[in-house]
Amino acid sequence: MIMEHKQSSVGSKIQTKADLIQDLDKLWGSALGEIELQISKPNFITWFKNSQLIDKSDNTAHIALPNTFAKEWIENKYSKIVLGALRNIDDTITKVKFLIKSSKEFRIKTAKQNKAKADIELAPQQSFPEFKIDPETNLNPRYTFETFIVGKSNELSHAAASAVVDEVGSKYNPMFIYGGVGLGKTHLVQAIGNGIKQKHQGRLKVKYVSSEKFTNDVVWAMRNKRMETIKEKYRLIDVLIIDDIQFIIGKARTEEEFFHTFNALYEQNKQIVISSDKPPRFMPELAERLRSRFEGGMIVDIGLPDYELRFAILKSRLEEKGVSLPEDVVSLIASKIQKNFRELEGVLNRILFYKKVKQLEVSSVIAESIINEIIQEPLKNISPNTLIKAVADAFELEVVDLTGSCRKKEVVQPRQIAMFLLRDVLSLSYPNIGDRMGKRDHTTAIYAFEKIAKEINKNQTLNQKILMIKELINKE
Ligand code: ADP
Ligand code: MG
């Protein structure tokens, strides 16, 4: 069982959990190897693709399958083969149970594993200083301007946020900060709160609330017919910080209540700070009256971090933790993990954890294999045409522009990007790519792929653009 380890040292306890998860994967991998020998290749691929051994308890192996159809088929046709293959490797298994990935059972069972995985990820942090959230303000003292590292992608939002501390409630009201996941919105809005608290020595009442908390307060008040408590609670605040406002938007009653709270504070020149995953103009459900309020204040965004900023953040984390890694490993992490800081920290923690457990210095080869394990991208099963369309959309072009013969610069690069992605994401052959991109020669496809592959190492803007297109494709 996953959770039954009581060893005293954190390291050995967690390693055992990690081993168990890996053991399940290994066991299933070996069993699949046997199953593959006993049935035809197409059947094997059709039915066992995306299968997973998620638990082994009470002599029963629990295997998760993507849908009911696969479940029924395998149950009826292959359950003996599956059991036999598993028993050949582990003879304590006497039964096999199949379940589908969307079922509640699957969620419960994998929650166990996820918890173990989360423990592994959290483990390295346990020995580092813990920060207590201030119950009065809900602020985490770790999130300050001092610990916020400034780079090109966040310098404007950082400057605006610092200005709010000096001009509370007047010039920059509301302050609206938007950006993608894990790019530092929560850190920055809380830094404003902590900054004001410090500067005004408790004279101003600061409150940080997640949108979820605000929604819960409204729901509670409605259910208990105590709407006045919301008014009392929120309207005495001097600085209201609402994080992730996108979760409030569209929930009629909560949005309504937020609007009233907003107005009450705004009219008394109280400072309001809002974070969101997108700017007000891209929030279709946002009521017009709130949109114009938001747009009347200061709107800034946090962009994707460049290599220098990612590198600087890693260095500062290492310093905070009082540990070191070879320079080439830090640079490898910074170049490979590009999406956000949360992922960056996760990878760093994993590598430090490895170092701690193995008591070995981490080489760049090992670091690379750890990184690859973590960032394995989901299987892409989109069609080449969808991909080409996504590239066209991203550059506000038509598909025919990309497949056509126009030599204008605005078209040539997107065309090369499309060819690059057809290779990079879908692994199409060069002749196939050339064919799809307007019957071009395969050497043109090779040239395009190599050109873009080289460019993205040098050109951050291009790199970001491509990452964004990949994200778009992933959402298809
Ligand atoms: P978001 O709210 O945008 O999803 P967070 O503020 O939670 O992102 O940031 C994710 C992590 O990255 C946090 O641990 C945060 O402290 C850290 N972080 C983000 N931006 C910076 C920065 N500029 N300097 C230092 N740490 C940062
Ligand atoms: Mg956040």
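Predicted model: local features only at pLDDT ≥ 70, side-chain atom pairs only at ≥ 80, totals over all residues.
Visitor: Which side chain does Arg226 meet in a salt bridge?
Guide: That of Glu228, with an N to O distance of 3.6 Å.

Visitor: And how accessible is Glu228?
Guide: Its relative accessibility is 39%, so Glu228 is partly exposed too.

Visitor: Other topic. What does Glu256 form with Arg289?
Guide: A salt bridge, in which the closest N and O atoms are 3.1 Å apart.

Visitor: Where do the two residues lie?
Guide: Glu256 is in helix α10, residues 252–267, while Arg289 is in helix α11, residues 288–295. The pair therefore ties together parts that are 33 residues apart in sequence.

Visitor: What about accessibility there, for Glu256 and Arg289?
Guide: Glu256 has 31% relative accessibility, so it counts as partly exposed. Arg289, at 37%, counts as partly exposed as well.

Visitor: Which residue does Asp435 pair with?
Guide: Lys439, through a salt bridge whose closest N and O atoms are 3.5 Å apart.

Visitor: Is Lys439 buried or exposed?
Guide: Exposed, because its relative accessible area is 68%, a value over the 50% cut-off. Asp435 is at 43% and so counts as partly exposed.

Visitor: Which residues are linked in a network?
Guide: Salt bridges link Lys213, Asp217 and Lys233 into a network.

Visitor: How many salt bridges does the structure hold?
Guide: The count is 22.

Methods
Residues numbered from 1 in each chain as written. Chains lettered and ligands numbered in written order. Heavy atoms only, no water. Salt bridge = Lys/Arg side-chain N within 4 Å of Asp/Glu carboxyl O. Buried < 20%, exposed > 50% of the residue type's maximum accessible area, 1.4 Å probe, protein only. Helix = DSSP H or I, 4+ residues; strand = E, 2+ residues; numbered from the N terminus.
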